[in-house]
Structure formats: C-alpha cells, structure tokens
2 protein chains.
Amino acid sequence: MIETPYLLFLGDAPDPLAAKVAQGIRDWRPENAVGQLRLEGCQADMKLPDMTLAEAKAAGAKTLVIGVANRGGVISQAWKKVLIAALEEGFDLASGLHNLLRDEPDLAAVAEATGQALHDVRVPEVDYPIANGEKRRGKRCLAVGTDCSVGKMYTAMAMDGDMRERGMKATFRATGQTGILITGDGVPLDAVIADFMAGSVEWLTPDNDDDHWDLIEGQGSLFHVSYSGVTMALIHGGQPDALILCHEPTRPHMRGLPGYTLPTLETLRDTALPLARIANPACEVVGISVNTQNMSEDEARAYCEETEQRMGLPTTDPYRFGAAKLVDALAAMG
Amino acid sequence: MIETPYLLFLGDAPDPLAAKVAQGIRDWRPENAVGQLRLEGCQADMKLPDMTLAEAKAAGAKTLVIGVANRGGVISQAWKKVLIAALEEGFDLASGLHNLLRDEPDLAAVAEATGQALHDVRVPEVDYPIANGEKRRGKRCLAVGTDCSVGKMYTAMAMDGDMRERGMKATFRATGQTGILITGDGVPLDAVIADFMAGSVEWLTPDNDDDHWDLIEGQGSLFHVSYSGVTMALIHGGQPDALILCHEPTRPHMRGLPGYTLPTLETLRDTALPLARIANPACEVVGISVNTQNMSEDEARAYCEETEQRMGLPTTDPYRFGAAKLVDALAAMG
C-alpha cells in the first residue's frame, strides 16, 4: 500500500524517543529506508545518510515517512515547508500523527495538484465490531509494560523473527502506527472509538491454526494513567495465552508523568495476570523482556540474570541478546 | 440545549434493560417526559401514558427522545417511519445511538425541510486533551460495577440528589448518553477516541472547591471484556478519592457474554482499588450499592445487611432505600 523505499523525516525531534517510528523502520526493515532528513535542532539520529529531498529522490526513495511523533500531534510550519516540497518533488507522504495530513488544506491541495498520495496510517479504515469475548482458536502472546515505550513492539517483532526462522507459525499483529508503517497493516488502536477497542483487537487476531501464534503489539501500560484504557482493551480483546513483561530499568518516572514512578515487575505481573485471566483463564506470564539500551553490556547481562532468578522467568533483552529464551517459553506451551 | 418536555420513544425494545435511556429520564427527571411511544412487540414500559405523536404534541412535548439502545446500534425502517413523522409534526429528535441521526440521509433531509433539530448526544463536541495525571483539587467519587448496567448511574444520581438536599457541594458528571440527555451536558465516553478517554474524564472533573464532590457516572466494568478499557480510563482519568462498588446479585452471567460469570464484590474491590491508587494513592472503597430490582423487599434488606457485615462497608440499594448511607461515608472523608 505504501510505496518503498522511504526517506525518513525526523523533523526537530526533541529526543530520540520521539523518533520511535523512524527507529522502528530502521531496526526492522532497514532495507526500506535510504536515508534521513533532519531539521535544525533535531536530537534524533537513525545513523542513516542525511539527505536532501533531491538526493533521496536520486537514491530511489518513493515516500517521505514522518518518523517522529509529537505528544498531542501538531504539524508545524517548519515541517510544512518540507512536506510541501516533498510532494512537489514527487514523493508520497506517510504519517502516523493524530493530525491527519489529509486535514491540512495546503497539503491536500498540493497532493491533489501533484497527484501524490497522503497516507494517514493512524486512521481506522474498518468498522470494528464490539468485542464478544468468545474463545478463538490458535494462540496469542501479548507484551505488557511497566511503562509506555519500554520495548513492547520490539519484543514482539524480535519474537516474530525468531519464530519464523524456527519454522513456527507466527504473525506480528501491529496495533500502532510504527508497526503498521513497518508491516503494511494492523489496527491503529489509539485512534479507535472507545467502545470498539477490544473488538478491534479481536478482529486483528482471529481464529487460526491451533499451533499458530499471534504476537500482538502492546500499547501503553496499565500503570500509565493517560493510556491504561488502551492497554486494558488489548488484554481483554487479545485474550492472550502468554504475557511477556517488559521493563526499562533506568527510567526515572513514567513517560510524560513526572509525578508517577514505575511499578516493579512483580507488581506488573500481579496486576496484569488476573486481568488477563478474566478473558483467558489459561493465561500465564512466560517471560521478561528488558530494554537495556541505557546500560552497558555487563550491566545488562547482570540485570537480566538477577531478574531471571528473582522472578523465576526467562529474562532477556530480545533486541540486544536475541529472543530465543522467550520463544522457547512459547514453544514449551505446546 | 434539548427542548423539553419529551415524548419517549421505546421502539421495539426486546427487554426492559434495552430502554435504559428512557428509564433514566423517567426516574430522574419525570417532569421532562409527557408520555411514551411504543411499537408492536415492545417489551419495555415506563408506566407513562402511551401516546400517538399527535397526542404528545397536544400535551406539549417538544422533542422525541430515542429512549432505547441497540447493541451495535441500527436505525431500522420501522423506527424511521415514526422518526420522519415526528419531524413532520414539529418534534425535534434526540438520540444517544451510535448511528447518528444526522448520518441518515432521509432524516437529515426531512429535518432540514421542516427546520427541526437532530440532537446526537453521543458525539463528542470537544477536542479533549491527553490525560496528564496531575492531582486536581476537590473530591471525586466513582461507581464501579461487577458488570455493565448494574446501577452505577443511578447510584451517582441518587447520591447527588441526597448531597444537594443536605447542602453539600456536589455535581453529577455524566459520561453516557442517558446522563447527558438527563442533565444536558457531559462526556459521551464510549464514543471518545481511545487516546483521549482518560483526558476527557480529567476535563469533565476539573479543579474544584476542596469540599466539592464530583459524582462521576461509571461505565462498563473491569470484568466486562467488551468495555473494560473504558472503565479503566474512568478510574485513571477520574482519580477518584472514593469508590462505590455496584452489584446486581441475580445476574446469571455478564451482560451479553454468556460464557462469563460475574466476579464477587471482594474480587471487584481487590481489583479496582489497587488500579485506582495508581492515580490517587489516597483512594478508598467506601460503600456498596446493590441493585435489588429483581428481589423482594425482604430479600433486598437481608442481602444488604449480610453484605454490609461480610464486607465491612455501608451497603444499600440507593434507588430503593435511599443513598444516605453512601453519602454519610463520603461526608466522613471530610
């Protein structure tokens, strides 16, 4: 649906976390990104060649992907200039922002005049049902986090890759704009109408072979008061058989909420599992995924080992050390 | 905003619960309803005079309120005939259905031709913020249920009435179409975009006097897999100081989910309170509201007494026996 390869637009990202979308594409489909375009003051870097629009065009890029998210989502005038120029130079645009490209009169007009496409991947394109709670065939795994942006998508992506290599039946199920931009489909869950959230997750993870695993991309956190309702809908709509606990040990407070501290992994386990068992009494917590990006390799290994012993669950950083331990845990569930 | 008094349209309601909207208006603002209009097979009865459109017009009715909800929401042809006739006879229409009146071409055309208004109270008319989790002044009480439709709105309405009689500062905060139709404002929470659910509840319950209570209308249930995400957003966006547990003891299974049994009041308490304390560490469970509509008076009194002793919390059916016990519990919190 979205033409590749991309030029990744990083804008004036205030910090690397704001460029989560670009980072996801860079990490999981690097062949889809020929370069990056950054504005002054940009604090994110995908370690891709910095390119002008003309250079990217010459390198074969078809679509300018907005790889940076703003809380609340605003398309600034500084961005507009680049986006309009991109359309004029023959790029399509793709975005997961709340503010839709199509709702900006200048972008819509230039897109129409140039014949280029505006892809707003955040917009639901399906009339989702209300969840019916009926048990579905096949197995499902959901990553739940102590906070937002602790590596839930990466965990599911890494497990998906490992399972495919082993010849297991697995499908990554995207629930956010990054995952949708990477894989080409999914449910933009944070843009779904409240009453249909759980139903959209049921729709995304339908009946399947008994030995097939859906690896559902997590969103938010039960402990993040801004987004906990979205997480709850994932837990009940996804009716997971297996939960993976995700954590970033160096985070000083909940993302965007200075007054809120992160829960422990024990508290996450004891909160998420009883809620998951409402929809699937057989659900188990099967492993722990630690985001060690802010730790040295020694620190990271020590933290994973200590956590594995303390919690009695296989623990790894799937991005740094591979997802094998977590996939072993799923395989053991038969 | 919506002109009163109303004629309540009950349609072909398959059971009394489907007419929750009409029942709420009937119970809490009876002076706003001159009569009811029922189609063949209607299983609901508000004990109001059955009226034709002409009779209701003669009795002074200004607005035909659709007082019956359909799961998933469909405006049938049988309904259309009545709605179009109502517009032609000079009624406005008001509806809380998912399907909007304004989206029906025939209704929109007749409304325009006749100059009558179409009120879709389910549609959010505000750009709600993302929740910031900051502590607000004033106090808030939220009713949480073992299931949907167990009396959460009635509990808040009854407490609101009792508190006003006592001269306490209190405001009922509507979060659903019934409450909005009754009070004239509120947040249609189940129609809010996922990311903004908790923020809309913060917006609805802003800073207030230290001795003011918001009585927030509950929605769904943490144990109802179709709607639990909405409930979660209410708990975190509302940052309640006080929770009231709501239960209907004769319900054989979760509403609309034959495979799901209701939790106990103990399980509801132990699930909801830790989640509420994420947003407000001072939150307490202060009372229990039992919906005894399917019990005799003796059974109802015995059930409330047994529950009060077992749980150690003031217990009543606020609709049948008054809300004084629950309001006493709030007053005791200072």
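## The sheet in chain B

Let's start with a pair of neighbours: strand S1 (residues 6-11) of chain B is joined to S2(B) by five bridges, and the two run parallel. Strands and helices here are DSSP runs numbered from the N terminus (strands are E, at least two residues; helices are H or I, at least four residues). Two strands pair if DSSP finds at least two bridges between them. One of these bridges links Leu7(B) to its partner Gly35(B) in S2(B). This is a predicted model, in which local features need pLDDT of at least 70 and side-chain atom pairs count only at pLDDT 80 or more, while totals for chains, interfaces and linings use all residues. Residues are numbered from 1 along each chain as its sequence is written, chains are lettered from A and ligands numbered from 1 in the order in which they are written, and side-chain values use heavy atoms, leaving out hydrogens and water.

Stepping back, S1(B) and S2(B) belong to an open sheet of five strands with parallel pairing, in the order S2-S1-S3-S4-S5. Strand S2 (33-38) and strand S5 (118-120) of chain B are at the edges with a single partner strand each, so one side of each has no neighbour in the sheet. From one strand to the next, the twist averages 20°. Helix H1 (residues 20-28) of chain B lies across S1, S2 and strand S3 (63-66) of chain B, and runs at about 150° to S1(B). Such angles run from 0 to 180 degrees between N-to-C directions, with axes as lines fitted to C-alpha atoms, for helices over the stretch in contact.

## Two helix pairs in chain A

Over in chain A, helix H8 (residues 228-238) and helix H9 (residues 265-279) pack at an angle of about 45°, with their axes 7 Å apart. H8(A) and H9(A) are therefore oblique to each other; angles under 35 degrees count as roughly parallel, over 145 as roughly antiparallel, 65 to 115 as roughly perpendicular and the rest as oblique. Met232(A), Ile235(A) and His236(A) of H8(A) make the contact with Leu275(A), Ala276(A), Ile278(A) and Ala279(A) of H9(A), where contact means heavy atoms within 4.5 Å. By class, this contact has six nonpolar, one polar and no charged residues. Ala, Val, Leu, Ile, Met, Phe, Trp, Tyr, Cys and Pro count as nonpolar, Asp, Glu, Lys and Arg as charged, and the others, Gly among them, as polar.

Helix H1 (residues 20-28) and helix H5 (residues 152-166) of chain A pack at about 15°, their axes 12 Å apart. That angle makes H1(A) roughly parallel to H5(A). Gln23(A), Gly24(A), Asp27(A) and Trp28(A) of H1(A) meet Met153(A), Tyr154(A), Met157(A) and Ala158(A) of H5(A). Five nonpolar, two polar and one charged residues make up this contact.

## Backbone details

Most residues other than glycine have a negative phi, and most peptide bonds are trans. Against that background, a cis peptide bond joins Thr4(A) and Pro5(A), with omega about -5°. Pro5(A) sits in the segment before strand S1 (6-11) of chain A. In chain B, the bond from Thr4(B) to Pro5(B) is cis, with omega near 0°.

Lys47(A) has a positive phi, near 55°. Its place is the loop between strand S2 (33-38) and helix H2 (53-58) of chain A.

## How the chains relate

Chain B can be laid on chain A with an RMSD of 0.0 Å by a turn of 180° and a shift of 0.0 Å along the axis, using a least-squares superposition on the C-alpha atoms of residues with pLDDT of at least 70 in both. The two copies are thus related as by a two-fold rotation axis. The same surface serves both copies, as 100% of the contact residues of chain B recur in chain A.
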